[in-house]
Amino acid sequence: MRKRTLGQNLTVSALGLGCMGMSEFYGALDDAESLATIRRALDLGVTFLDTADMYGPFINEELVGRAVAGRRDEVVVATKFGVQRGSGGERIGINGRPEYVHQAVDASLRRLNLDHIDLYYQHRVDPTVPIEETWGALAEVVAAGKVRHLGISEAAPATLRRAYAVHPVTAGQYEYSLWTRDPEGGLLDTMRELGVGLVAYSPLGRGFLTGEIKDTESLAEDDFRRWNPRFQGDNLDRNLALVAKVRDLAVAKNCTPAQLALAWVLAQGDDVVPIPGTKRRAYLEQNVAALDVTLTDDDLADLAKVGADVAGTRYAEDAMRALNL
């Protein structure tokens, strides 16, 4: 497994594993297969694991904690706080208050059964709390030895700079894929100026770029993609045409559409680390094989053209308002 460096000195596997779908959002759950998938990832050298307190809620961190028990020295565990949920799953809101930072990190450490978190993200920016106050508290948990590195997710460039002025930011987690190019330009330029690595979540477009999703009716009733704008109506039809082009390019490269899409993200720079999510070993192994796909300049140009045609926003309207703050 090749390695990449986030920030100044956080070394991670070139491909990570997003664990969110193992506990919520993508239909039926199977803890036994999920645990086996995480452990298989470690065996393959995929040692950068991504979770968050709000996934489940709470149970995804517990799952990751069980999976890495006895193998702590092999893994880089990343988790997040800030999207506050109740024990019944209800959405409470975005919380960046300093006292909540301390409460959240302690709760995550208990659930993960770890003595420190390798990378701790602010999941969403709280518009009611100055970022300097949130990051002052985050600097305190680093000083206390509870966290090694800090990250931020879906923050605007100016907010990223303000956070960095309080404490170095090792990584920014943003949606980035062939059909979500938002980080390109001002944000990615800012990150590279500051030396902040980009952790790319949903690099397979929430599974759409695999070519396996043909309609929303085939998705489970509790699969949140049923209500995602890119999976609905005319947007779905236009995006299926996009995936057909990816499939044709993948055939020419003798790989799967998913492998091609991941190879494109991997080719965007050594400071970019995709974290495709899966809850099945078979898909994990296919994703890892993307590291063996080599893309030419012509391949990259063709794929970039395909990705420019995506239809629909990446979240529903209310969730979009929490981005780029």
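Which residue takes a positive phi in the hairpin of strand 6 and strand 7? Keep that in mind as we set off.

This is a predicted model, where local features need pLDDT of at least 70 and side-chain atom pairs count only at pLDDT 80 or more, while totals for chains, interfaces and linings use all residues. Residues are numbered from 1 along each chain as its sequence is written, and side-chain values use heavy atoms, leaving out hydrogens and water.

Select residues 83-85, strand 6, and 91-94, strand 7. Strands here are DSSP runs (E, at least two residues), as helices are (H or I, at least four), numbered from the N terminus. The two strands pair in the antiparallel sense over three bridges; pairing requires at least two DSSP bridges. Gln84 has Gly93 of strand 7 as its bridge partner. Five residues lie between the strands, and Gly89 is the one with a positive phi, near 95°.

**Next: the core.** Select Leu17, Ile38, Tyr120 and Ile152, which have the most contacts inside the largest nonpolar core, of 81 residues. Such a core is a set of buried Ala, Val, Leu, Ile, Met, Phe, Trp, Tyr and Cys residues joined through side-chain atoms within 4.5 Å. Buried means under 20% relative accessible area, exposed over 50% and partly exposed in between (1.4 Å probe, protein chains only). Helix 8, residues 257-266, gives the most to this core: eight residues.

**Then: a cis bond.** Show Gly56 and Pro57, joined by a cis peptide bond with omega about -5°. Pro57 sits in the loop between strand 4 and helix 2.

Arg206, with phi near 55°, is buried at 7% relative accessibility. Asn324, with phi about 60°, is exposed at 54%.
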